[in-house]
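Q: I have a new model open and want to learn how to read it. Where do we start?

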Amino acid sequence: MSLTSTARHHRGWPTAAAATALLVATASACSNPNSSSSSSSGGAQTITVAVTANPLMTTIENLTAGGFEASHPNIKVKFVTYDENTERADVEKDVAAHGGQYDVVMIGPNDITSWANNGWIDGLNTEVGQDASYDVNDLLPSIKAALSSKGQLYALPFYGESSFMMYNKKIFAADGLTMPANPTWAQIAALAAKANNTSKNVAGICLRGLTGWGDNLASLDTVINTMGGAWFDKNWNAKLTSPATEAAVNFYVNLVKQYGEPGAGNDSFNQCLNIFEQGQAAMWYDATVGASTVDASGSPIAGNVGFAPAPVDLTKSSGWLWTWALALESSSKHQSAAEQFMNWATSKQYIAYDASKNGWAAVPPGTRTSTYQNAEYQKAAGAFANLTLQEINSVNINQPGVAPQPVPGVQYVGIPEFENFGQQVSAQITAAIDGQESVSQALNTSQTIAQQAVNNAGYKS
Amino acid sequence: MTVLTTAPRKLALAPPRSRRRGAAWLKRLPLLPAMVFTIVVTQIPFVLTLWYSFQRYNLNYPNRPRQFPTVANYRAVFSDPVFRTAALNTLEFTAVPVIASVLLGLGIAILLNRRVFGRGLLRTLIISPFLVMSAAAALIWKYSILDTTFGVLNYVLRPFGVHDANWIGVHSQLTIITFLTWQWTPFMVLIILAGLQSQNEEILEAARVDGAGPWRIFRALTLPHLRMYLELGILLGSIYIVQAFDSIYLITQGGPATDTTNLPYYIYQVAFQAYDIGRASAMSVVVVVGTILIATLALRTISSIFSDDTLSRG
Amino acid sequence: MSSRTTLTLAERRSKLPVRLGLGLLTWFIVLVFFFPVFWMALTGFKTEPAANTPTPKFIFSPTLYEYQSVWWGTPGTAGLRGYLEHSIVITVLSTIVVIALALPAAYALAIRPIRKWRDVLFFFISTKMLPIVGAIIPLFIIARDLNILDTQRLLILLYSAMNLPIAVWMLRSFLLEVPISVIEAAQVDGARLPRQLRSVVIPLIMPGLAAAALLCFIFSWNEFFLAVNLTTTNGATVPIYLVGFVAPEGQFLAHLSAAATVACLPVLIAGWAAQDKLVRGLSMGAVK
């Protein structure tokens, strides 16, 4: 390189330095109202709340400033939103390694028992008892039971769901089909066969196939339960290769492969929602919250959606039970502030406030009886509200299936190990749905995985 | 008085022993800040990982006895068939994308080295896959491009008779390999393009004047010149691609079954779904040792980066 | 060095159809690579229902809603700006730290190489062999004990350590190009190392330096795993903002696309502006 080019490049140096300085100056000059430190300043406390990504959570983030902070001037709320899987991992890491990053965390019923046993979250009976307006007995009984352990409530439900069957009335009418009042899975399969129309890109039914213990296993487990199958018996023997379980899984996988949407192995709630909304599936079995989207204005099939209870076989009901609930980290340094926020977020007052801003159809469902007794809510969501309530109330979280099970839980096994072996089994099911292996291969592998996991963890004595 | 040696960097005079030792330390001094910084920030976590690997530590059961020291984790790792599968998958998901992106990068670099209309724009467009955030790109590929029903790819291929192909479920390994190749080809293009542009034009022209055809010139002149660039691309690319995580976590979830589970994803599952920190640490240590062995082998035998030739300068 | 602004004799001689064909081929290949990025930017202009239709829409009525809500946020929820600020500070500062540490280190490995230069180089690259996923819990615990969880300085430290090996490798190669005579001339003049670096070495390798800095910038900007695990609000970077949208029960594709496109812009612009420098820089470095 010649010396003249050296001189040329010399020019670049001050420019680079100036650019850097400008960037840093700009960065620090930009004021960001959201980056206040989490320590108290002048009596004000900041609490950090971890939530999962969900339209209902977005709503409460929007409403917290006006609905909570305005009336609680010494409390500021900061939300941290991640997708479901990341949030769960991040929160557990924080509670287990005592990071102290969060005050309030959003968890599901599957973590309640083990977290309570580890002392990671606080019991809430006392504090909700002291809040006169909270009305803890207004909470739906099965939801409350799911969030309790040994008589103590550990989390307050933000929204709750079960599962049911949705169907496209227009397609049914065109094909001359009728949905029974209390369908069985056999009847659903027959309807799917008749409604399936590949040339018109209409699938008989849309079902979840995506890998994920909260994805395809949610639907599949309810089918297993109602057909007499199980994950484990009371002595922690894995039952994934029992005749009943195998029959149930065969039924589900074959139904999806024959009359389900193409590429089902990649589909969960969102994908089936799209497919169903676009009229490309005659039926959709999924979470009750799906109803508030497909039957709302803006949906191409609004007004044309019919609802039926979750299909059964040997049991009287078969809907799943899930709730996203707010729990208080034991290591939180702002317990009182956190409790105030949690109580507000899950209260009748919040629901009414949300309704006043966004209409009754969009309020968080599945938590309180009073919501379902409200005339406005009935008017806005009547088509599916009562069925949702019925499904949630008819869930027996201790024995959703035919046989007794070792721990409570409907569509999951309520032990911490399930996140791992459930995920692995779920991947096997996806492989079966994608045609990469047979159902019996998938179940044999799953049986080994599940049994080894509980053996290693010391459940099986 | 010693004579000037052929290696121009050696000092002309040989100073007395004490001064030479002082001079040696002076030589090392500029290196110290970087070394100390790296050792502190990387080795402390590594030592902690090593320590955990000899304990039974599960985040879900913080009060269980740690049984330190124990080799139970390592025994579990080596008898784990999924670990073996993950290791093989990792090899596959590193070797194939690296080779493919180097070959593609070579072809594209050659094309971009010619005088082509809008070459500046083309060069900026070709590096865009490398600049986009990996997780965002993975989500777009999963939901917008490869989706069976809603994806653009199937839409574009429909007139060619492809009907609702399930890329992610049925061709899962191809999906991951394609995604990684797409991401890293631009990086290779840049490196190889630099090599092509730094060729000595006069030699090339002389060869052409002598009647050598373009293929002969490429084989005899260009490729040897490019060797260093290709090796650098392969080295850097491999270091990053072997750790590929976002695409597997977001697009295939390691499946179907364990078809696309690689080592980073498997370690993630053990650490953040099973919360078995002891076993995850042991797996990480095994991965480090294995990578060091492979890298040592490659760098000291095949590659010329570490040879003394690199030190000679005219 | 060739910059190829004029056609060589050979190129003038080659037939026009061949040139045209190869030109079209080049455009086709580049556009295929660019398409996913283009598709992502395009989806950001759609409404959520339009982004989730069974037949992908190339023609649609565009809206700025998603891009606007990404930038400004919606009432109560922060837009991208706060995260952008964190990302800029963290990325710029870590890049500065990396260059400041790597340059003298590369000097010691190239211009007056210590005896164990191979081992040192190998050590640096070996620090990148530990899977980050396996070291996160140790990192979390160390950061917790040092009370630097969810701070920007934690990420600056970690990103610097993450990028230092690559910078050392690259800068060493660039420094090998510097003629030893220039260094010795400066030494004879009495210049010690800092002065040598400032007035002689840096100007000579400026393109290479810019190249290494740009790569560090790119890798820090897009880094996701450490950021999501070790920060919540005060250190939250742009990649974390994106993850907050992936809702299992809600449509997010348009919003995610808009957010991802805006998140890419600083890097894209920097990359585009510097791609000339990058090529020249890498060419200087990679020869040895």
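A: Start with a sheet. Strands of a sheet pair through backbone hydrogen bonds, either parallel or antiparallel. In chain A, five strands form an open sheet with mixed pairing, in the order β2-β1-β3-β11-β6. Two strands pair if DSSP finds at least two bridges between them. Strands (E, at least two residues) and helices (H or I, at least four) are DSSP runs, numbered from the N terminus.

Q: Before we go on, what kind of model is this, and how are its parts numbered?

A: This is a predicted model: local features need pLDDT of at least 70, side-chain atom pairs count only at pLDDT 80 or more, and totals for chains, interfaces and linings use all residues. Residues are numbered from 1 along each chain as its sequence is written, while chains are lettered from A and ligands numbered from 1 in the order in which they are written.

Q: How many bridges join β6(A) to β11 of chain A?

A: Five bridges, and the two strands run antiparallel. Strand β11 of chain A covers residues 322–328. For one pair to find on screen, take A:Y159, which stands opposite A:W324 in β11(A).

Q: Which helix lies across β1, β2 and β3 of chain A?

A: Helix α4 of chain A, residues 84–96. In chain A, β1 is 45–52 and β3 is 104–107. The helix runs at about 130° to β1(A).

Q: What is the strand order in the four-strand sheet of chain A?

A: The order is β8-β9-β7-β10 (chain A), in an open sheet with mixed pairing. β8 (203–206) and β10 (305–309) of chain A each have a single partner strand, so one side of each is left without a neighbour in the sheet. Neighbouring strands of this sheet are turned by 20° against each other on average, direction ignored.

Q: In which sense do β7 and β10(A) pair?

A: Antiparallel, over five bridges, with β7 of chain A at residues 163–168. The bridge partner of A:F164 in β10(A) is A:P309. Helix α17(A) packs on the sheet and touches β7 and β10 of chain A, its direction making about 15° with that of β10(A).

Q: What does the whole of chain A look like in numbers?

A: Count the elements, then check the overall size. Chain A has 19 helices and 11 strands. Its C-alpha trace spans about 75 × 75 × 55 Å along the principal axes. The radius of gyration, taken over C-alpha atoms, has a globule rule: 2.2 Å times the number of residues to the power 0.38. For 461 residues a compact globule would be near 23 Å; chain A has 25 Å, which agrees.

Q: What share of chain A is buried?

A: Count neighbours around each residue. A residue is buried if 20 or more other C-beta atoms lie within 10 Å of its own, exposed if 12 or fewer, and partly exposed in between, with C-beta atoms placed from the backbone. By that rule, 55% of the 461 residues in chain A are buried.

Q: Which domains does chain A have?

A: Bounds come from an automatic or database domain assignment. Here it gives domain 1 (45–154 + 322–384) and domain 2 (163–321 + 398–457). Their C-alpha centres lie 28 Å apart. Residues are in contact if their C-beta atoms, placed from the backbone, lie within 7 Å. By that test, 14 residues of domain 1 of chain A meet 15 residues of domain 2 of chain A. On the domain 1 side, α17(A) gives the most, with three residues.

Q: How many residues does each chain bring to the contact between chains B and C?

A: Chain B brings 89 residues and chain C brings 87. Helix α2 (residues 32–53) of chain B supplies the largest share of the chain B side, 12 residues.

Technical notes:
Two residues are in contact if their C-beta atoms, placed from the backbone, lie within 7 Å. Axes are lines fitted to C-alpha atoms, for helices over the stretch in contact, and angles run from 0 to 180 degrees between N-to-C directions.
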